[in-house]
Number of protein chains: 2
Amino acid sequence: MAQKSGESLLYLTDEQLRKGIEAMFFAYRGFTADPDRILEEHGYGRAHHRAIHFIHRAPGTTVNNLLAILGVTKQSLNRVLRALVEDGLVEARVGQRDKRERHLYLTEAGEALEQKLSDAQRERMRAAYRAAGPAAVAGFRQVLEAMMDPEMRRHFNRLTER
Amino acid sequence: MAQKSGESLLYLTDEQLRKGIEAMFFAYRGFTADPDRILEEHGYGRAHHRAIHFIHRAPGTTVNNLLAILGVTKQSLNRVLRALVEDGLVEARVGQRDKRERHLYLTEAGEALEQKLSDAQRERMRAAYRAAGPAAVAGFRQVLEAMMDPEMRRHFNRLTER
DNA sequence: GATCTTATGTCAGCCTTGTTGACTTTCCAA
DNA sequence: TTGGAAAGTCAACAAGGCTGACATAAGATC
């Protein structure tokens, strides 16, 4: 009640929050729909997409780092990586300084698929951004960032600062 | 280039779109983290949460309607519903007019769990909303809505209009 | 040099949650 | 009365999570 005068607090009602929750649910479905279709053609799933995305984003990343970003077990990731390496989309190079580490890179074929997937996903994103306008997009990003767990926010911010 | 003068189009660059994609990924993890923990204690998964959420939101909904909202097969939903009915969280009443239909309701125990789950999820949502402010929240909602498939947007809007 | 720790990989087995296909029961509506 | 829609059920399968146990290589430490 202290600052009820300045800005209305109606946007914090349970009803508004519930709407936000449902919006996240339905929007996430749209968010993954296009890549899902492409992945199916190639016999892959979302797990492969995530690996491909972050290897593209941070080339030379180690398995352990990828594990931390994705938040899955090494057994789970390994199954996915093995398939991608066998299919020639990902290359795992032994580390220079530390030979225990594997540094991950997309091959040409891997980059090609990444392009196809992210083109589709960016296309929808671009349409949504354009429809909503720059101010809305700034708000969108603010809320999403505030919604993350601190550790995930750390990963999120590290991805672009380098 | 036509309207480059008025508002900058820099928010539509591939880099910005990619950041938005990653924000969605990390934020969705936070979005589901709290309910996931609670569900685990009860031996349920996200599929149960979704069913409980939408039955609470639209009491008396039919199985077919729920199917359309959730976008899964009836076999998949049925498995989840059966567990919830057996555990006494959901009641499936035979339709009055059309006795083939089952109308779904949460029992008292079901409502209790729904409360617990949505309290946790709203809590995070509220914190994010508060941190970002009302203008950001409006933008957040605009972008999410623009990101949905048209059919999902229909469901989304129908949920509050009644 | 021996030992501890870390990074990675792998095997086996389990669970949830999605899928398809086939079939039955119920029952509204033409 | 009969066709078809709504719902339920059974079986089988796959993706992608998980745990636990174990192997190997190599950096780090004593």
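## Stop one: the two protein chains

Select chain A and chain B together: 62 residues of chain A are in contact with 62 residues of chain B (contact means heavy atoms within 4.5 Å). Before going further, note that this is a predicted model, in which local features need pLDDT of at least 70 and side-chain atom pairs count only at pLDDT 80 or more, while totals for chains, interfaces and linings use all residues. Residues are numbered from 1 along each chain as its sequence is written, chains are lettered from A and ligands numbered from 1 in the order in which they are written, and side-chain values use heavy atoms, leaving out hydrogens and water.

The area buried between chain A and chain B is about 6,500 Å², with 68% of it from carbon and sulfur atoms; buried area is the accessible area (1.4 Å probe) that two parts lose on being put together, summed over both.

Next, look for charged pairs. There are 12 salt bridges between chain A and chain B, counted where a side-chain nitrogen of Lys or Arg is within 4 Å of a carboxyl oxygen of Asp or Glu. One to zoom in on joins Asp14(A) to Arg126(B), whose closest N and O atoms are 2.8 Å apart.

Which helix of chain A gives the most to the side that touches chain B? Color helix 1 (14-42) of chain A, which gives the most, with 19 residues. Helices here are DSSP runs (H or I, at least four residues), as strands are (E, at least two), numbered from the N terminus. By class, this side of chain A has 32 nonpolar, 14 polar and 16 charged residues. In that grouping Ala, Val, Leu, Ile, Met, Phe, Trp, Tyr, Cys and Pro count as nonpolar, Asp, Glu, Lys and Arg as charged, and the others, Gly among them, as polar.

## Stop two: DNA strand D

Select DNA strand D and the 25 residues around it; Gly45(A), Arg50(A), Arg79(A), Lys74(B) and Arg100(B) come nearest. A residue is near a strand if one of its heavy atoms lies within 4 Å of it. Sugar and phosphate account for 52% of the atoms of DNA strand D that come within 4 Å of the protein.

For a base, go to Gln75(A): an N or O atom in its side chain is 2.8 Å from a base oxygen of DNA strand D. Then move to the phosphates, where a polar side-chain atom of Asn64(B) lies 3.2 Å from a phosphate oxygen, and a polar backbone atom of Arg46(A) is 3.1 Å from one. The surface near DNA strand D divides into three nonpolar, 10 polar and 12 charged residues.

## Stop three: DNA strand C

Switch to DNA strand C. Of the 24 residues around it, Lys74(A), Gly45(B), Arg50(B), Thr73(B) and Arg79(B) come nearest. Center on Arg46(B), where a polar backbone atom is 2.8 Å from a phosphate oxygen of DNA strand C. The surface near DNA strand C has three nonpolar, nine polar and 12 charged residues.

Methods:
Polar contact = N/O pair within 3.5 Å; in protein donor to acceptor, adjacent residues only side chain to side chain.
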